[in-house]
Amino acid sequence: MFLLFGVISALAAGSGEVTLIAGNVTMVPKGGGPAQKLKKGSKVEVGAEVTTDKKARVVIMMTDASAIRISGGSRVVIATMTDSGASGQSSVNVNLKSGSVGALIDSSKNRKIDFKIETPHGVATARGTYYAVVVEGGKTYTKVRNGQVSVTATPNQ
């Protein structure tokens with residue numbers, strides 16, 4: 001996990017950066033347009049939809065203390081992303097349409113990070129942990145490796 005955080009020292013506000021990639025991963029920018037093939041170093045802006053082929057995967061640094069790992073066969077929209085740096089609070093909100101996404105949050109930085117993964121069935125929120133969320137077969141599953149995650153169901157789901 002720590003290798004992921006050492007790769008990028010500063011990110012542009014409102015964008016993440018691809019640090020690891022395997023297979024075919026595409027991004028449709030906010031507002032639509034043609035899908036763009038992602039590669040290491042590609043910027044991923046707020047509002048973009050990232051899609052991975054069945055055997056692909058990608059890691060995107062969201063802030064200097066957080067990243068997401070999108071597994072194969074997934075579709076994720078980057079809903080919000082703010083990084084106030086070492087002195088402030090950062091927030092990340094991703095919308096998992098289908099597939100699997102893992103959140104990696106570096107708690108050693110002693111920063112407040114509001115990190116949420118939304119699914120059609122609810123929201124999984126964490127601070128200082130590693131967790132994964134999967135949407136499959138009309139259901140949402142959450143697995144916590146360490147730390148704590150709060151899960152809130154969406155009404156009528």
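Figure 1. Lys 116 forms a salt bridge with Asp 114. The closest N and O atoms of the pair are 3.9 Å apart. That pair counts as a salt bridge because the cut-off is 4 Å. Asp 114 has a relative accessible area of 17%. Asp 114 is therefore buried, as the limit is under 20%. The count for the model comes to three salt bridges.

**Figure 2. Glu 17 meets Lys 43.** These two residues form a salt bridge, and their closest N and O atoms are 2.9 Å apart. The pair links distant parts of the chain. Glu 17 belongs to strand 1 (residues 15-22), while Lys 43 belongs to strand 4 (residues 43-45). They are 26 residues apart. Is Glu 17 buried or exposed? Glu 17 is buried, at 18% relative accessible area. Lys 43 counts as partly exposed, at 36% relative accessibility.

**Figure 3. Glu 49 and Arg 75 join strand 5 to strand 8.** A salt bridge forms between Glu 49 and Arg 75, with the closest N and O atoms 3.4 Å apart. Glu 49 sits in strand 5 and Arg 75 in strand 8, 26 residues apart. Both ends are partly exposed: Glu 49 has 23% relative accessibility, and Arg 75 has a relative accessible area of 34%. Strand 5 (residues 49-52) and strand 8 (residues 75-82) run antiparallel, joined by three bridges. Within this pairing, Glu 49 stands opposite Val 77.

**Figure 4. Strand 8 also pairs with strand 9.** How many bridges join strand 8 to strand 9? There are seven, and the two strands run antiparallel. Strand 9 covers residues 90-105. Arg 75, seen in the previous view, stands opposite Ser 98 of strand 9.

**Figure 5. Val 101, buried in strand 9.** Val 101 lies in strand 9. Its relative accessible area is 0%, so Val 101 is buried. Look for Ile 70 beside this residue. In sequence, Val 101 and Ile 70 are 31 residues apart. In space, their C-alpha atoms are 4.5 Å apart.

**Figure 6. The largest nonpolar core.** This core has 30 residues. Which members touch the most others? They are Val 44, Ile 60 and Ile 68. Several strands give two or more residues to the core, among them strand 2 (25-28), strand 6 (57-63), strand 7 (66-70) and strand 12 (130-136). Strand 9 gives the most, with six residues. In soluble globular proteins, nonpolar side chains tend to be buried together.

**Figure 7. Residues 1-12, a stretch to read with care.** The chain averages a pLDDT of 82, and 78% of the residues score at least 70. Over residues 1-12 the pLDDT is below 50. In the model, this stretch has 27 contacts beyond near neighbours in sequence. Where pLDDT is low, the predicted coordinates should not be read in detail.

Notes
Residues numbered from 1 in each chain as written. Predicted model: local features only at pLDDT ≥ 70, side-chain atom pairs only at ≥ 80, totals over all residues. Heavy atoms only, no water. Pairing = 2+ DSSP bridges. Helix = DSSP H or I, 4+ residues; strand = E, 2+ residues; numbered from the N terminus. Core = buried A, V, L, I, M, F, W, Y, C linked by side-chain atoms within 4.5 Å. Buried < 20%, exposed > 50% of the residue type's maximum accessible area, 1.4 Å probe, protein only. pLDDT = per-residue confidence, 0-100. Contact = heavy atoms within 4.5 Å. Salt bridge = Lys/Arg side-chain N within 4 Å of Asp/Glu carboxyl O.
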